[in-house]
Amino acid sequence: MSDKNFLRDFPILNQKMNGKPIVYLDNGATTQKPESVVRSICGYYGGCNANPHRGAYQLSVRATDIYESARARVAQFINAPAPASIIFTKNATESLNLVAYAYGLTNVGAGDSIVITVSEHHSNLVPWQRVAQARGAALEYVYLNPDGTLNDADIERKISARTKIVAVTHVSNVLGLKNDIKKIADKAHSVGAVVVVDGAQSTPHIPVDVQALDADFFAFSGHKMLAPMGIGVLFGRENLLDAMPPFLAGGDMIEYVEEQSTTFAELPQKFEAGTQNVEGAAGLHAAIDYIQAIGFERIEAIERRLIDYAIPKLSALPFIELYGCAPSVIEKKTGIITFNVKGVHPHDVSTILDLEGIAIRAGHHCAQPLMKFLKQNATCRASFYFYNTIDDVDRLIDALKKVRKVLRLEP
Ligand code: C6P
């Protein structure tokens, strides 16, 4: 299948914006959905909709089967040891909050430390600030080398006997660089800490094996990997999840309720209070089927080809500043390129590119401490997925050449 052929499955990408064929380069924010995913949602509502786990009638049994088979598919996709270790949430943010509140508040005390990196998305930062503040613990940051990679000496320094939790992103949503999770997990485990991995930007792009990574918790969102919005995943080691108190309380997460006390359901129901997003689970199942039919080898090769083509072209433009794109880090890079146009605010760049039909993200990318570390208020970000093409990169480059001219900074 040539790159172009994917577009048949994504009708949204075949339309025009401002009279020009759309070039969608904001896949780090959310990806587009193939028709098979849209069909899976319609199929669920057209033939199987009912409240799962509650009815003894056929439709409810069907809804339960769809929901639970999606869970089994997710477990297989990330090589989790059992479906019971997969908790459905609404997104990576909720998954990370679940760990912070249910594990963090219970296991972190005064004088302990939580270690995160300065490149975390706010979803893997603010919850830990809140836990640290609530418990009188220290929140310590691992900083970066000038090329954007994590500083190994700082990892060694910061993870200490006081550390109870190390929370780290698998791939930065700004720099697009992969972190060596196994190495960090080894260090964390050597001091008895658990490792929480934010997989929001890795799971769609590279194969994830939570056992090989030795992750204690691993969070991601469906919508960044072709699935609908509103479905997310938390993987947790069963012994840790078993020992944790529930996060949300209500229907379907209980075993028995007395007037003054409650016993809780087994995993995974203990962490899934209230009516769940069955349509989202069906869509996530279809999304995984689609991704696995392509294969990560192919997805990675396509993104690498785009990056290898785009970075030298961007570097050759004297008015472009790139972040996290040095030759020394290219091997660690996924399909995210972050840059600025000298003298132009990223929001203006994005608006001018939009006039050319090109969608990129501009702003702080929910990573303000990283922006500060990079000494930038904001940046532009082009993020690719397998359906992007070399033509898309050419359109981006051509449009960027116009930006400073439109603003009369250049003749
Ligand atoms: N980053 C981006 O444009 P949610 O919103 O819960 O699905 O994902 C949160 C999240 C957590 N971690 C990382 C590394 C992320 O990139 C994101 C979402 C989007 O970069 C929206 S801010």
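The ligand lies between domain 1 (3-32 + 295-406) and domain 2 (38-291), because both domains give residues to the shell around it; the domain bounds come from an automatic or database domain assignment. The structure is a predicted model, in which local features need pLDDT of at least 70 and side-chain atom pairs count only at pLDDT 80 or more, while totals for chains, interfaces and linings use all residues. Residues are numbered from 1 along each chain as its sequence is written, and side-chain values use heavy atoms, with hydrogens and water left out.

The ligand is surrounded by 18 residues, a residue being near if one of its heavy atoms lies within 4 Å. The closest are T93, D198, S221, H223 and R361. The shell comprises four nonpolar, 10 polar and four charged residues; Ala, Val, Leu, Ile, Met, Phe, Trp, Tyr, Cys and Pro count as nonpolar, Asp, Glu, Lys and Arg as charged, and the others, Gly among them, as polar.

An N or O atom in the side chain of T93 is 2.5 Å from an oxygen atom of the ligand, and for the side chain of R361 the corresponding distance to a ligand oxygen atom is 2.6 Å. A nitrogen atom of the ligand lies 2.9 Å from a polar side-chain atom of K224. Of the 510 Å² that the ligand exposes when taken alone, the protein buries 89% (Shrake-Rupley method, 1.4 Å probe).

R395 lies in helix 13 (residues 390-406), helices being DSSP runs (H or I) of at least four residues, numbered from the N terminus. R395 and P21 are 374 residues apart in sequence, with their C-alpha atoms 10.0 Å apart in space.

Definitions and conventions
A polar contact is a pair of N or O atoms within 3.5 Å; within protein, one must be able to donate a hydrogen and the other to accept it, and residues adjacent in sequence count only if both atoms are side-chain atoms. Helices (H or I, at least four residues) and strands (E, at least two) are DSSP runs, numbered from the N terminus.
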